[in-house]
There are 2 protein chains.
Amino acid sequence: MTGNRRTIDPKAVRRRIVDAAYDAFVTQGYLATGMLELREKASVSGGAMAHHFPAKRELGLAVIRNRVAEAVRQTWIEPLDACADAPTAIDLIFGNIVSELMRKGSVSGCPLNNMAMEVSRHDEEMRDALSSVFAVWQEALSAKFQKDIDANRVVGIDPGRLATLVVAAYSGAMAIAKAGQDVRPLINCRAELAALLASKYSPTVPAG
Amino acid sequence: MTGNRRTIDPKAVRRRIVDAAYDAFVTQGYLATGMLELREKASVSGGAMAHHFPAKRELGLAVIRNRVAEAVRQTWIEPLDACADAPTAIDLIFGNIVSELMRKGSVSGCPLNNMAMEVSRHDEEMRDALSSVFAVWQEALSAKFQKDIDANRVVGIDPGRLATLVVAAYSGAMAIAKAGQDVRPLINCRAELAALLASKYSPTVPAG
DNA sequence: ATATCAACAGGACGATTGACCTGTTTGAGA
DNA sequence: TCTCAAACAGGTCAATCGTCCTGTTGATAT
């Protein structure tokens, strides 16, 4: 019996490491997570870890560029493309997040925001990677607003500025929700943003 | 010569430590700051540090309850009390922050947000302390909106919900600004919030 | 078959962390 | 004046950090 044959599968090993790192970085934080802890979670030896990720910061960069960027794409950009207009998409996205948080029972925060707060001051390369994810997110939202303008669904808005506000409101609401372990900030921001967008999308005139 | 007389001034020593800790926690982060580093910055011995703060988390709690809460009070609650109405105050506060950040040339982020992201998942007592600062902040803003309602300056708004949106937009904009080392997210959110509040404070009627 | 290198195992490395120790000095009350 | 607890000095402690080492296995090319 040669049952303890060594399995050579670099892609799978690398994926296990990055998966474990993404989960740990998002829930516990980058600095609070040790390489030894990740080795155990991913069930890889020190040699394998060093082979794929000689330094922790390379693992951090991989998590940002692969997992965090993908998470933003899935939760925000895809629904944006699927919905008819921006307000519908934004309300749907907030609803999805709120539902999932209530199901899990705890608020671990926005992955992008979590990592950005912690590492952006220490490592310029990570900061750039995180900043570009924010930029992609905001530009996708801005483009959606622009589409609504082109389709005459709305007039008199600044797509870029409005996109910044939505992204900021989401990130901030998630931060407050995380600090209080309470989803209500997200619910409140969802309602306020919906009302704000509704008033912009349904034209009004001054009454004075 | 007895020139090296030991100076006994517990209040001053404690204040030096907390000052150094607040500065370091806000700019570098809680976990990224070592106790030895703080001892050097505050020029205190290991014995003095252990006497005043036997554990790091007690220092963290002191920073949150004394310095972070005070910072929020000064930058947000005081201008809120000084201004005629909420929109004026909010625009002033954003303007102050933007000016100071442009003067400094770097964005270290919102002190409350920075600490909340990092420690709220590890220490329940710190999380409660941070959450209560968020609550005080939001309630002060909500009370100001209520005052404006009582004074007939505005109608048809939900003070609590609107306060949540403003706090979230500020926190989130600061997070994006920090990640990109760029004040424009704050400028954009300032403009959008000003427009939003202006439309709520100057009544409009549907035009369709 | 043999050479070769990526992939992996297991552990050791120095550095640094937060905590805490014993001993000394100071100021205030008895 | 004497006592004693608070305040402080200086250094040590085990634990853990991230990194890297040597050695072995497996797949691939020739």
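**Fold, chain contact and DNA surfaces of the predicted model**

Chain A contains nine helices and one strand. Helices here are DSSP runs of H or I with at least four residues, strands are runs of E with at least two, and both are numbered from the N terminus. The model is predicted: local features need pLDDT of at least 70, side-chain atom pairs count only at pLDDT 80 or more, and totals for chains, interfaces and linings use all residues. Residues are numbered from 1 along each chain as its sequence is written, while chains are lettered from A and ligands numbered from 1 in the order in which they are written.

Along the sequence, chain A reads α-α-α-α-α-α-α-α-α-β. Its C-alpha trace spans about 85 × 40 × 35 Å along the principal axes. Of its 208 residues, 44% count as buried. A residue is buried if 20 or more other C-beta atoms lie within 10 Å of its own, exposed if 12 or fewer, and partly exposed in between, with C-beta atoms placed from the backbone. Contacts were also sorted by separation along the chain. Among contacts in chain A between residues at least 6 apart in sequence, 67% join residues at least 24 apart. Two residues are in contact if their C-beta atoms, placed from the backbone, lie within 7 Å.

An unreviewed UniProt entry places the annotation "domain: HTH tetR-type" on residues 11-71 of chain A. UniProt positions are given in the numbering used here, feature names are shortened, and annotations may be inferred rather than shown by experiment. Over residues 11-71, chain A is 79% helix and 0% strand. The end C-alpha atoms of that stretch are 20 Å apart.

The surface near DNA strand C draws on both chains. A residue is near a strand if its C-beta atom, placed from the backbone, lies within 6 Å of it. There are 24 residues around DNA strand C, and Ser45(A), Gly46(A), Gly47(A), Gly34(B) and Ala55(B) come nearest. Two or more residues each come from helix H1 (10-27) and helix H3 (46-52) of chain A, and from helix H2 (35-42) and helix H3 (46-52) of chain B. H3(A) gives the largest share, five residues. By class, this surface has twelve nonpolar, seven polar and five charged residues. Ala, Val, Leu, Ile, Met, Phe, Trp, Tyr, Cys and Pro count as nonpolar, Asp, Glu, Lys and Arg as charged, and the others, Gly among them, as polar.

DNA strand D is surrounded by 25 residues. The closest are Gly34(A), Ala55(A), Ser45(B), Gly46(B) and Gly47(B). Helix H2 (35-42) and H3 of chain A each give two or more residues to this surface, as do helix H1 (10-27) and H3 of chain B. The largest share, five residues, comes from H3(B). The surface near DNA strand D divides into twelve nonpolar, seven polar and six charged residues.

The contact between the two chains takes 48 residues from chain A and 48 residues from chain B. On the side of chain A, H6, H7, helix H8 (159-180), helix H9 (184-201) and strand S1 (204-206) each supply at least two residues. H8(A) gives the most, with 16 residues. The residues on this side of chain A comprise 24 nonpolar, 18 polar and six charged.

Helices H6 (residues 111-119) and H7 (residues 124-150) of chain A have axes that come within 10 Å and cross at roughly 150°. Axes are lines fitted to C-alpha atoms, for helices over the stretch in contact, and angles run from 0 to 180 degrees between N-to-C directions. In H6(A), Leu112(A), Met115(A), Ala116(A) and Val119(A) meet Met126(A), Leu130(A), Val133(A) and Phe134(A) of H7(A). This contact has eight nonpolar, no polar and no charged residues.

Lys144(A) also sits in helix H7 of chain A. Lys144(A) is buried, with 21 other C-beta atoms within 10 Å. Leaving aside neighbours within four places in sequence, Lys144(A) is in contact with Leu80(A), Ala86(A) and Ala89(A).

Two loop residues of chain B have a positive phi. Ser43(B), not a glycine, has a phi of about 55°. Ser43(B) is in the loop between H2 and H3 of chain B, and counts as exposed, with 11 C-beta neighbours inside 10 Å. Gln181(B), also not a glycine, has a phi of about 45°. Gln181(B) lies in the loop between helix H8 (159-180) and helix H9 (184-201) of chain B. With 17 C-beta neighbours inside 10 Å, Gln181(B) counts as partly exposed.
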